[in-house]
Amino acid sequence: MPDIVHVTYAQTGNSSSINALGMREMQEKAYQARDAQYLLLKAPPASGKSRALMFIALDKLINQGIKKVIVAVPEKSIGASFRSTRLKEHGFFADWQVNDAFNLCTPGDDGSRSKVQSFKNFLENNEQVLICTHATLRFAVDELDESKFNDILLAIDEFHHVSADADSRLGEHLRAIMQKSSAHIVAMTGSYFRGDSVPVLLPEDEARFTKITYNYYEQLNGYTYLKSLGIGYHFYQGRYTTAILDILDTTKKTILHIPNVNSGESTKDKEKEVGFILDAIGEIDHQDSETGVIYIKRFADGEVIKVADLVNDNPRDREKIVGYLREMKTVDDMDLIIALGMAKEGFDWPYCEHALTVGYRGSLTEIIQIIGRCTRDSANKTHAQFTNLIAEPDAERQDVQLSVNNMLKAITASLLMEQVLAPNFKFKTKLSDEDKAQPGEIKIRGLKEPSSNRVRDIIESDLNDLKASILQDNTMLKAMPGNLDPEVINKVLIPKIIQVKYPDLSEEEVEELRQHVVVDSVIKNGEIKEVGDKRFIRMADSFVNIDDLHIDLIDRVNPFQKAFEVLSKSVTTHVLKLIQESIESTRIQVTKEEALILWPKIKDFRATHGREPSIASLDSLEKRMAEVLIYLRNEKRKQQNGN
């Protein structure tokens with residue numbers, strides 16, 4: 001199956017080059033906001049967030065009166081990203097130094113008495129930096145008054161693990177520290193999406209943060225070596241182990257994530273799955289007793305490759321191979337990593353060329369983190385690839401509805417990634433023919449520009465997060481394949497989702513935000529061509545001069561249909577029929593708003609074809625118009641009967 005997303009980058013080198021202080025582009029951008037008490041840094045994997053924190057923290061320690069720095073990470077392995085680092089040799093004014101006694105990302109229970117006591121001791125001694133897990137932070141704060149965090153910088157890595165939910169202790173602690181202490185906070189994340197759709201921060205708390213956003217396109221376009229990124233799907237029937245070798249190319253440096261044991265794709269025996277994969281690749285030569293590395297003689301060419309098994313739960317075996325992976329220095333140190341829950345966020349293997357994931361991942365955050373494993377810039381690769389191996393729906397199985405939903409959700413994840421990976425434009429209102437756009441701008445007639453700082457802030461910093469909410473909405477999921485009129489999607493469904501996500505916005509603000517979401521999505525999904533001094537964009541199968549764009553024209557385009565068009569060409573007609581039948585079985589109810597939008601189109605259809613739209617039509621939009629016509633007649637009867 002062809003890639004649903006394929007992006008080519010310019011290799012400008014900007015994101016990997018360093019300035020006189022030793023900072024890369026993103027780090028310099030973050031450092032400019034170092035005086036902020038609350039700083040939210042949203043930047044993709046491999047952009048250098050950990051070192052950006054070091055620069056900011058050292059300035060706060062030396063120049064801003066901050067006494068101590070606490071760095072909290074979600075799991076122990078990520079703590080290594082914040083180990084002692086020599087920064088002065090690259091031009092900065094201080095080095096980042098961590099006393100091993102106060103690096104609490106060590107073996108053992110994160111909530112142990114000894115680790116909590118070490119945390120408390122740190123607050124009372126002269127040490128300046130402590131590294132711990134989110135869990136240790138939670139357990140320690142349980143026993144502390146918030147005033148203990150006065151004049152302390154609290155840095156939380158992978159901030160999407162925090163939640164505004166009342167049951168999230170970490171989120172609750174953070175709110176209390178913000179309210180009752182003078183603490184500074186740096187929150188860092190490579191993805192701000194939560195699979196459970198619970199907000200990371202309450203709106204009033206989020207408004208207190210200075211936001212620094214460095215997008216995926218800036219990062220990848222500024223690389224030196226990586227030229228392109230592909231995101232694709234491969235569908236299989238039966239057990240995934242029978243299809244894995246169709247897409248597992250062990251000549252490429254690969255991270256293979258097998259499915260969660262609770263998922264439909266799992267055989268429920270993860271060790272046997274790993275064994276099958278290893279046996280299919282070749283013959284095991286030996287396993288190094290010191291490192292845990294498995295050496296396999298490949299059937300295809302007799303070459304010996306190195307494999308890491310991170311699925312093995314045995315603590316001693318796990319520690320050995322994790323220790324080896326942490327110290328890898330060259331491209332030849334590893335060829336294939338097989339993992340289940342590990343090797344995602346914070347895992348650094350720059351040589352990785354292919355991230356191959358079996359089974360649908362319910363969290364957009366997890367998908368972005370996995371893709372981030374192969375998008376690091378490295379001299380051994382010009383292309384990075386993410387492939388998701390997903391079970392095809394099977395009419396004979398009881399979970400056909402679940403399989404269809406998983407397939408659709410996987411495709412929507414690729415739609416979001418296409419949005420994240422595309423270059424950003426600034427959209428402005430076009431006032432006249434003489435009103436020309438500046439570089440990086442697109443001017444659109446009839447576009448409402450933001451009337452408040454709140455809407456402007458959402459557009460500048462959180463548009464992809466809003467798109468994630470839209471793409472995860474169950475009603476939208478059923479509408480995106482094209483069985484609802486695009487104007488209904490754009491003018492009815494999307495504003496309803498915005499109202500739920502941002503209940504504080506006025507009706508006018510919702511409309512401004514809706515227009516920018518639709519415009520941004522349509523433009524990023526469209527193909528732009530330059531002919532002479534004019535630019536054209538493909539929308540709804542025709543090219544339109546960008547200078548002639550109008551919001552009414554854009555509203556007539558389904559912004560999310562492209563991936564489903566690719567899907568329809570890539571699965572069998574039988575599977576496509578199953579998908580359509582599954583959506584049909586959970587039809588979206590007709591609403592008054594949809595009927596008002598479609599009534600003029602029903603009249604146009606009748607005038608053009610000399611008949612009413614047919615409920616038996618194979619065309620999903622004609623069928624929908626027929627359903628709306630039935631709805632309107634029922635409503636008319638109710639009115640006539642006084643109901």
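## Nonpolar cores

Contact here means heavy atoms within 4.5 Å. In this predicted model, Leu 549 is in contact with Ile 442, Ile 444, Arg 445, Ile 523, Ile 537, Met 539, Val 544 and Ile 554, when residues up to four places away in sequence are not counted.

Leu 549 also belongs to the largest nonpolar core, which comprises 108 residues; Leu 325, Leu 421, Leu 513 and Leu 549 have the most contacts inside this core. Helix α12 (residues 400–421) supplies the largest share of the core, namely eleven residues. A second, separate core contains 37 residues, among them Ala 33, Ala 36, Phe 55 and Ala 155. In soluble globular proteins, nonpolar side chains tend to be buried together.

## Three-stranded sheet

Strands β18, β19 and β20 form an open sheet in the order β18-β19-β20, with antiparallel pairing. The edge strands, β18 (528–531) and β20 (542–545), each pair on one side only. From one strand to the next, the twist averages 35°.

Four bridges join β18 to strand β19 (residues 534–539) in the antiparallel sense. Val 531 has Lys 534, in β19, as its bridge partner.

Thr 291 lies in the loop between β10 (282–287) and β11 (294–298). Is this residue buried or exposed? Thr 291 counts as buried because its relative accessibility is 18%, and the cut-off for buried is under 20%.

The side chain of Thr 291 reaches the backbone nitrogen of Val 293 at 3.2 Å. Beyond its neighbours within four places in sequence, Thr 291 contacts Lys 320, Ile 321 and Tyr 324.

Terms used:
Residues numbered from 1 in each chain as written. Predicted model: local features only at pLDDT ≥ 70, side-chain atom pairs only at ≥ 80, totals over all residues. Heavy atoms only, no water. Core = buried A, V, L, I, M, F, W, Y, C linked by side-chain atoms within 4.5 Å. Buried < 20%, exposed > 50% of the residue type's maximum accessible area, 1.4 Å probe, protein only. Helix = DSSP H or I, 4+ residues; strand = E, 2+ residues; numbered from the N terminus. Polar contact = N/O pair within 3.5 Å; in protein donor to acceptor, adjacent residues only side chain to side chain. Pairing = 2+ DSSP bridges. Axes fitted to C-alpha atoms, helices over the stretch in contact; angles between N-to-C directions.
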